[in-house]
Amino acid sequence: MSDEPQESLITDEMQASIGKDSEITTLEIDKTSVRMFARSVGYTDPVYYDEEAAQAAGYRSLPAPPGYLGTPLYDPNKRSARPTQVALEPSRPLKRMLNGGTDIEYLADICAGDVLTSTSAVSSIEERLGRLGEMLITTTKTTYRNQHGEIVAIMTGTGIRY
Amino acid sequence: MSASWDNVHEGMEIPTLTKNCSTQQLVYWAAGSGDFYQIHYDHNFARATGLENIIVHGALKHAFLGQLLHDWVGNEGSVKRVGCSYRGMDFPDQDIQCKGIVTRKYEEAGERLVDVEIWTENPDGVKTSPGTGTVRLP
């Protein structure tokens, strides 16, 4: 290791990607996917399993539990809908990746039967020298809209590469 | 009993939710969330990346904190925001205690809101996913 100041990990291409919206991802919410998600977390509240219980509680259908923002449409014949910024490589290779955090703000109910569309944009890229060595911290904001065009959730995710 | 506006006060603890993930639960979560990264269910893969064991998904801990708030407010209220950072790893077959303390009770735009400091705690008492949440009460 030399003490020479090193070139930034953040390439011009990465810098230019900040604030640019990704392509749209379509996500479906159905009763089976809500039940599966609720079961995997360990919920016992009947609103996540029984549509009558959900409607009696005032929901249109089974509500999406916190953390569930639909399942992206999967088609092996189409190229991955991953946001393009994920693929951008820093100026020096960083092999490992960690999920740094998740923050979701809910603006309206999301229920089975809804079809969401999301777009994400990188809001910041920072580099830091930490206990894992050189780290690149990327904050991404994803906005989810329902079939009526209403914004239903905003997710802020932090990714750490090191 | 769900939380009620009159009974909530700043500084109060909300009921703890204790989780303990079997490896099977991590597989359910992989399917439920669509996160199939092998460090969460394949021991050999996890070891090859330098981990000593498979680890609990960060997003599952975020969802546990969502359940902590949902179970507390019930369906009369709602969860408006849940956020946490992933500071430490949790492993299968170990208790993960999800806890919260009310930090603020206020009315805004006609809604009764409560901010809660939330976190997951490992068996050594370390906060592995500290965060904050906001709920709406009836």
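User: Which residue forms a salt bridge with B:Arg81?
Analyst: That's A:Asp103. This is a predicted model, and in it the closest N and O atoms of A:Asp103 and B:Arg81 are 2.4 Å apart.

User: How many salt bridges are there between chain A and chain B?
Analyst: The count is 1. There are also 16 residue pairs in polar contact across the interface of chain A and chain B.

User: Which element gives the largest share of chain A's side?
Analyst: β3(A), with 8 residues. That side divides into 12 nonpolar, 7 polar and 6 charged residues.

User: Which strand of chain B does β3(A) pair with?
Analyst: β3(A) pairs with strand β2 (residues 78-85) of chain B, in the antiparallel sense over 5 bridges. In that pairing, A:Gly101 stands opposite B:Ser85.

User: And what area is buried between the two chains?
Analyst: About 2,100 Å², with carbon and sulfur atoms giving 50% of that. On the chain A side, A:Ser40, A:Val41 and A:Thr102 lose the most area to chain B, together 23% of what that side buries.

User: Switching topic: why is β4(B) largely enclosed?
Analyst: Because 8 of the 11 residues of β4(B), which covers residues 111-121, are buried.

User: Which strands does β4(B) pair with?
Analyst: One is β3(B), antiparallel over 11 bridges, where B:Gln97 has B:Glu121 as its bridge partner. Another is β5(B), also antiparallel, over 7 bridges; there B:Val116 is partnered with B:Gly133.

User: What about the hairpin of β3(B) and β4(B)?
Analyst: It has 2 residues between the strands, and B:Ala109 takes a positive phi near 50°.

Definitions and conventions
Residues numbered from 1 in each chain as written. Chains lettered and ligands numbered in written order. Predicted model: local features only at pLDDT ≥ 70, side-chain atom pairs only at ≥ 80, totals over all residues. Heavy atoms only, no water. Buried < 20%, exposed > 50% of the residue type's maximum accessible area, 1.4 Å probe, protein only. Helix = DSSP H or I, 4+ residues; strand = E, 2+ residues; numbered from the N terminus. Pairing = 2+ DSSP bridges. Buried area = accessible area lost by both parts, 1.4 Å probe. Salt bridge = Lys/Arg side-chain N within 4 Å of Asp/Glu carboxyl O. Polar contact = N/O pair within 3.5 Å; in protein donor to acceptor, adjacent residues only side chain to side chain. Nonpolar A, V, L, I, M, F, W, Y, C, P; charged D, E, K, R; others polar.
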